[in-house]
Amino acid sequence: MWKRVNFDYILRTTFQRSSLKHTQRFYSSKGNKWFKSRDSDLVHFNSSNQSSGNQPPFIKRLIFLGKGFLYFAPVAGCYYVYHLEKVPISGRTRMMDVSKKTEMSMGEQTWMVIKYNYSEQMLPQNHPTTLLVKKVAQRLIEVSDLKDLKWEFVVIDSPEANAFVIPGGKVCVFTGLFEIVKNEDQLATVLSHEIAHVVARHSAENWSWTRIVIGINFVVSMIFQINPNSLLQPALMLGITLPKSRAAEAEADHIGLHLMAKACYNLSAAPTLWENFEKAQGHKKPQWVYLSTHPTNRDRKKNIEGWLPEAQRIQENSDCSHLETNFNNFRNY
């Protein structure tokens, strides 16, 4: 079929999909020429092959999310920068968009659940072990700048060698821990670590980051059309959640050592405590560190030994002459 085609019109309205030879042929044409061409050689801008409707679904999703990112990124960036703050004592910069009021409210709800679940295992408040825990904790709280919190300390009669803290100053210690803790200074190491979590507001920080992880989870699953529970969620767990958890635990060890120094406890008890944990573990195969929420006992001992000179300087500047660490004998219940 023969056509009369204007060269300028071709450049404005068509794509050349055949060989480079055809393209050069158009380029060398001058003025209005008669030449032979097949309709299949030319693809117009409005042809179905170039329409967005026939683009692969992956590309369409990518373009859609890309446009959304261009609009959303500046807002998200401003929001992130606005909520940056420094962690007390450690000085680490982090994002925090959970208010203290919200943190306290969520902590109270969790505390009610804990008390209900362990109500029959909690030792009385006048029990010698509970009194010991409260005595050591009170000395640490005095130097934590959190004296106004409604602190509560309970001892749970259970064989786990563990302790945990809930936002708002609620600390639980299991009686099994006293198989590891050998004196009051080592108990101060445990309690200072738990109090440090409250000082650093690690639970609230975790809630802040959970929102970011959920957002990443949503965007990636939308782009690649995959089930978030397949590979994406474990990848985010290994790449973000668990590393941040280990970092928070290490930071609590660091801040806790500062509290011990200010409260005039024996700092050498801190690395010794982790030696005790290592011995108690015995021949049990340790969990692979990358799958753990906590650093290994050896890593924690090594980190604390590295922080000791700094903590000792803090203790030298504290008035510890009037304090004397007395360990009250106690037995396991």
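**Salt bridges and burial in a predicted model**

Me: What makes arginine 298 exposed?
Reply: Its relative accessibility is 63%. Exposed means over 50%, so arginine 298 counts as exposed.

Me: What makes glutamate 278 partly exposed?
Reply: Glutamate 278 has 26% relative accessibility. Buried needs under 20% and exposed over 50%, so glutamate 278 counts as partly exposed.

Me: Why is the contact between arginine 298 and glutamate 278 called a salt bridge?
Reply: The N to O distance is 3.3 Å. The cut-off is within 4 Å, so the pair qualifies.

Me: Why is the pair of lysine 170 and glutamate 108 called a salt bridge?
Reply: Their closest N and O atoms are 3.6 Å apart.

Me: Is lysine 170 buried or exposed, and how do you know?
Reply: Its relative accessible area is 2%. Buried means under 20%, so lysine 170 is buried.

Me: What makes the side chains of arginine 201 and glutamate 103 a salt bridge?
Reply: N to O is 2.7 Å. The limit is 4 Å, so the pair counts. Arginine 201 sits in the loop between helix H6 (184-200) and helix H7 (202-224), and glutamate 103 in helix H4 (residues 100-117), so parts 98 residues apart in sequence are tied together.

Me: How many salt bridges does this rule give?
Reply: The count is 14.

Methods: Residues are numbered from 1 along each chain as its sequence is written. This is a predicted model: local features need pLDDT of at least 70, side-chain atom pairs count only at pLDDT 80 or more; totals for chains, interfaces and linings use all residues. Side-chain values use heavy atoms; hydrogens and water are left out. Helices (H or I, at least four residues) and strands (E, at least two) are DSSP runs, numbered from the N terminus. Buried means under 20% relative accessible area, exposed over 50%, partly exposed in between (1.4 Å probe, protein chains only).
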